[in-house]
Structure formats: structure tokens, C-alpha cells
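Take a walk through the fold below. Keep the model open and follow along.

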Amino acid sequence: MECEKNFKKFHENVSLDATRIKRIENAISALKTFISNDKKDDERGENGVGDVLIEIFTQGSYAIKTCIRPANKDQEFDVDMVLSLRLEKPSDSSSKPEDNPKKVLRWLEKRLKQNGNYKDKIKESKSRCVRISYKGDFHLDVVPVTPVGSKNGILWVPDKSEGWDRTNPKGFISWCNTKEKASGGRFKRVVKYLKWWRSAVASDKANVNSILLTTLLGNHITKGSTDAEILVEAMESLNSWLQLCKSVPTIDNPSLSEENLARDWSDT
């Protein structure tokens, strides 16, 4: 009983507090308003983001509700905002967009910088997004995507180095929600515990990004009566499975089977 009380207290300590959530929601709301109202520039004839916008939604840890507060005071955490856009495509709608990924990211960065609130918050676009930094707190990673033909939920996402990749953020959120239900509402809590350990204890020694860590735990989660029970059983199951692997395992993205989430792992 005392152990479960301690886990509940720990969960409160590592979760985002109400004040920080309010700041994030305000930032998301302001971004949505700006993007929806960003229309064509009559002088240059350039489309605004709002002219080609399909929808805006969050993805990643914040959307899944596995986001944790920074383990160290100087750390920021990211909130992913997805902009689904109508981009130029070949006649086959399932083919990759004709627009150059770097061009799309530069265009998005330029449109955002036209807003005085964002101009000084954007330093440079990242590999797949434009980052709006709220220093010392969090940053919004704005990710432009476009649908892949009629394939439900699958999107093209730009990558500066690799061109266009496929992604399915809503599918991953749905998978996580299924695991949450199957675990009796404890899966996401366990994910938070391990993410905190990775950030506060393992540091850069643990080459396990959030989607990979979440998937590994989801593949080994069970249903139990306490957080401690589920955490121990999941880690024992995961350890047993890894011990059987003679080489780097393939860990499929549960929402996009063609993607191996462990592709960057080495044998070491």
C-alpha cells in the first residue's frame, strides 16, 4: 500500500503541472489562430499557410499524455504541432509531393517569422520542423505534412536529408490509447516513469527516443493492480526478450510497419 502511495506521489512530481499546461495550451491556441488567418500575400503572390491548411493537431508525447516535466532545470521539452497541408503532387496522389522538402520548411519558417511574436523565437528550421522556442520552458515543433493518397492517417513528412518520409501520428496515438485501456489505465504512467529515468539517470547513455521507448513498453505491458506490479513485469518481460536477441532487433512502428524504430541502434 505504501509503495503504491509513493508511486502516485512520484507520478505527480514528474507530470506537467497545471501552470505549465496552461502556458502550452495558450501557445497552441495562439499558433492555431495565426496559421488559420495567414493568407496569400498579394504583393508577392505567395500562399499563406491558411490557404493550404487542411487541419492542425498535436502528436507525440503531449498528445499521448506521456509528457514529463524536464528532469533538469535547464532542459526544455517539445510539443509537436502537425500542419496537414495541400501540397503540390504528381498525378498519382500516393506518390511523393513534388515540392522540395527544404523549400517547404523554408516557406513555413518565413511565414511564421512574419508574426512579431515568433520572429525572435525561431532560430532555424530543424530536419523535419520549424521550432518555436519558449526559452527555459518548452518549444513548439511545427511539422508540415501532406496526406498520402487515400491511405487513412498516413502522411508525407519532409526531411531535409532524406526527402519525403511516411508517418502516421494519429495511428500511433490510437495504438497507445489501446494499450492504456488494456493495462487498466496504467500504461502511460509507466511510460512516464521510464522517460524520467532515461532523462534524469541514464542521460545520453540511453539511446532510446520516446517513440521507441513507448513502443517497447507497449509491446510488453500487462494488466496489473498497481503501478509497481506493471512496471516490474513489463521490464522483466522486455529484458527476457532482449536477452534472446543475438543481434540488433527490428522494432516495428506499430502504426507504420515499414519503419524500424531501432534502425539507429548499434550492436553495442
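This is a predicted model: local features need pLDDT of at least 70, side-chain atom pairs count only at pLDDT 80 or more; totals for chains, interfaces and linings use all residues.

Residues are numbered from 1 along each chain as its sequence is written, and side-chain values use heavy atoms, with hydrogens and water left out.

Start with the cores. A nonpolar core is a set of buried Ala, Val, Leu, Ile, Met, Phe, Trp, Tyr and Cys residues joined through side-chain atoms within 4.5 Å. Buried means under 20% relative accessible area, exposed over 50%, and partly exposed in between (1.4 Å probe, protein chains only). The largest nonpolar core holds 37 residues. Leu 31, Leu 112, Ile 132 and Leu 140 have the most contacts inside it. Helices H2 (18-37), H3 (49-52) and H5 (101-113) each supply at least two residues of this core, and so do strands E1 (53-59), E2 (77-85), E3 (130-134) and E4 (138-147). H2 gives the largest share, six residues. Helices (H or I, at least four residues) and strands (E, at least two) are DSSP runs, numbered from the N terminus. In soluble globular proteins, nonpolar side chains tend to be buried together.

Now zoom in on Leu 112. Contact means heavy atoms within 4.5 Å. Not counting residues up to four places away in sequence, Leu 112 touches Leu 31, Phe 34, Tyr 118, Ile 122, Val 130, Ile 132 and Val 142.

Turn to the helix pairs. Axes are lines fitted to C-alpha atoms, for helices over the stretch in contact, and angles run from 0 to 180 degrees between N-to-C directions. Helix H9 (residues 210-220) packs on helix H10 (residues 227-244) at an angle of about 100°, with the axes 8 Å apart. H9 and H10 are therefore roughly perpendicular to each other. Angles under 35 degrees count as roughly parallel, over 145 as roughly antiparallel, 65 to 115 as roughly perpendicular and the rest as oblique. From H9, the contact uses Leu 216, Leu 217 and His 220. From H10, it uses Ala 234, Met 235, Ser 237, Leu 238 and Trp 241. These residues divide into six nonpolar, two polar and no charged. Here Ala, Val, Leu, Ile, Met, Phe, Trp, Tyr, Cys and Pro count as nonpolar, Asp, Glu, Lys and Arg as charged, and the others, Gly among them, as polar.

The axes of helix H1 (residues 2-14) and H10 come within 8 Å and cross at roughly 85°. H1 and H10 are therefore roughly perpendicular to each other. Cys 3, Glu 4 and Phe 7 of H1 meet Asp 227, Ala 228 and Leu 231 of H10. By class, this contact of H1 with H10 has four nonpolar, no polar and two charged residues.

Go back to H9. Eight of its eleven residues are buried, so H9 is mostly covered. One of the buried residues is Thr 214, at 3% relative accessibility. The Thr 214 side chain reaches the backbone oxygen of Ser 210 at 2.7 Å. Beyond its sequence neighbours up to four places away, Thr 214 touches Phe 172, Trp 175, Cys 176, Phe 187 and Val 191.

Which side chain does buried Asp 38 join through a polar contact? Asp 38 sits in the loop between H2 and H3 and counts as buried at 6% relative accessibility. A polar contact of 2.8 Å joins its side chain to that of Arg 111. Such a contact is a pair of N or O atoms within 3.5 Å; within protein, one must be able to donate a hydrogen and the other to accept it, and residues adjacent in sequence count only if both atoms are side-chain atoms. Not counting residues up to four places away in sequence, Asp 38 also touches Gly 48, Val 49, Gly 50, Asp 51 and Gln 114.

Finish with two exposed residues. Lys 65 lies in the loop between helix H4 (60-64) and E2. Lys 65 counts as exposed, at 59% relative accessibility. Its phi is near 75°, a positive value in a residue other than glycine. Gln 243, in helix H10, is exposed with a relative accessible area of 56%.
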